[in-house]
Amino acid sequence: MTYQPTAIDDNSNNLPKLPGWVTSRRAQSLDTVAFRSGAALAVLDQLISDERHGVPLKLLANRLGLSAATATSKLEGRMAREADIRDAYHLTPRGEARGPDGDLLAFWRDGGRLRTNGIGEIADLVGAEFADDVGVWLDAGMERARTHGPLAGCVAVLRAVLKTDDRAERIACLLSDVVLASALNWKQMLPISAQHLTKTALRDLTAERQGAELAIQVRILESIEETIRLARDLTSRGEALRTVAPKLRAKGSAAAVALFLTEDAVAPASMLSPRIHGTSIAMTSRAARRFCDRLVELGVARELTGRTTFRLYGIAP
């Protein structure tokens, strides 16, 4: 496997960014949310749709997946910490049960790879219990998005799912993301909707309390704004990693760098050794640890756990 650096702008200030008037004050009505979300979504669409900007899309999707897993854990009443969810997924030996936290992250990572036109894939991920309802829910969300805007479509599908089962928060958020991506003609969805949602806000929505739809739209808008900031940050960090890549002399360093540009957390013992994940390139466990420590020394990665053993490394903030 060979790694070809992606050409991006040298100056991150050249990346599309939110205008100050979008974030300067809180939206007070559905009309202002629609106006501001239109501007924010236009910026996000530019970032992820134009390859020249060099946004590491797989890394972005996986980082958002971790945030979505943390948020939906709270919605489901388990309150797992982000670090525990990350550990459960990345440190469970292959073939062993990850537990509910690891399975939740697996759900969102799979969601981040869904094609928006792949109704069968979406139904498979949602599960047999709701598979027959997925098409109806998505159609309702898309119709609302066409008439009232993308965020209104997200709210419509959230309401429809949770009125059927008020414990199906992860499914509701997943389908909200599918509606958002479909409304913007993205080929794949990003886990965005769940980040700032609360159980109380969702209960108010299904009870159709006054102001509930505005509250949900504002929270999704906040998530969109954070996604823009994250995409810009990861692009800068990814470019820094590409810049130092020629200094890395370890065998397989190009493939290892490519892995860091797709995974928000890398376990040296299992993802770099005995073979670099996704390749046939061998790397010893000692070489894997030294490679990761070298990235930290160069300031392009950090150790994520604070532990001396069972470490994870990544370029994500």
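Helices (H or I, at least four residues) and strands (E, at least two) are DSSP runs, numbered from the N terminus. The loop between α3 and α4 holds M79. Phi of M79 is near 60°, a positive value in a residue other than glycine. Most residues other than glycine have a negative phi, and most peptide bonds are trans. The loop between α13 and α14 holds P274. The peptide bond from S273 to P274 is cis, with omega near 0°.

This is a predicted model: local features need pLDDT of at least 70, side-chain atom pairs count only at pLDDT 80 or more, and totals for chains, interfaces and linings use all residues. Residues are numbered from 1 along each chain as its sequence is written, and side-chain values use heavy atoms, with hydrogens and water left out.

**Helix packing**

Axes are lines fitted to C-alpha atoms, for helices over the stretch in contact, and angles run from 0 to 180 degrees between N-to-C directions. A crossing is left-handed if the near helix is turned anticlockwise from the far one by less than a right angle, and right-handed if clockwise.

| Pair | Angle | Axis distance |
|---|---|---|
| α2 and α11 (residues 212-244) | about 25° | 10 Å apart |
| α10 (residues 199-206) and α11 | roughly 140° | within 8 Å |
| α6 (residues 119-126) and α7 (residues 131-148) | roughly 125° | within 9 Å |

Angles under 35 degrees count as roughly parallel, over 145 as roughly antiparallel, 65 to 115 as roughly perpendicular and the rest as oblique. The axes of α10 and α11 cross at roughly 140°. That makes α10 oblique to α11. α10 passes α11 in a left-handed crossing. Contact means heavy atoms within 4.5 Å. On the α10 side, A201, L202, D204 and L205 meet A212, E213, I216 and R219 of α11. This contact has 5 nonpolar, no polar and 3 charged residues. Here Ala, Val, Leu, Ile, Met, Phe, Trp, Tyr, Cys and Pro count as nonpolar, Asp, Glu, Lys and Arg as charged, and the others, Gly among them, as polar.

α11 also packs with α2, at about 25°. α2 and α11 are therefore roughly parallel to each other. α2 passes α11 in a left-handed crossing. Their contact divides into 13 nonpolar, 3 polar and 4 charged residues. From α2 it includes L30, V33 and R36, and from α11 E213, L214 and Q217.

For α6 and α7, the axes cross at roughly 125°. That makes α6 oblique to α7. The crossing of α6 past α7 is right-handed. I119, I122, A123 and V126 in α6 meet A131, V134, G135 and L138 in α7. By class, the contact has 7 nonpolar, 1 polar and no charged residues.

**The largest pocket**

On a 1 Å grid over the protein atoms alone, a pocket is an open set of points where a 1.4 Å probe fits, with protein on both sides within 12 Å along at least five of seven lines; lining residues have an atom within 4 Å of a point. A volume is the space filled by probe spheres set on the points, which are joined across faces, edges and corners. The largest pocket has a volume of about 1400 Å³. It is lined by 46 residues, and the closest to its centre are H90, R109, E263, M271 and H277. Elements giving two or more residues to this lining include α2 (30-49), α3 (57-75) and α4 (82-90). The lining has 19 nonpolar, 16 polar and 11 charged residues.
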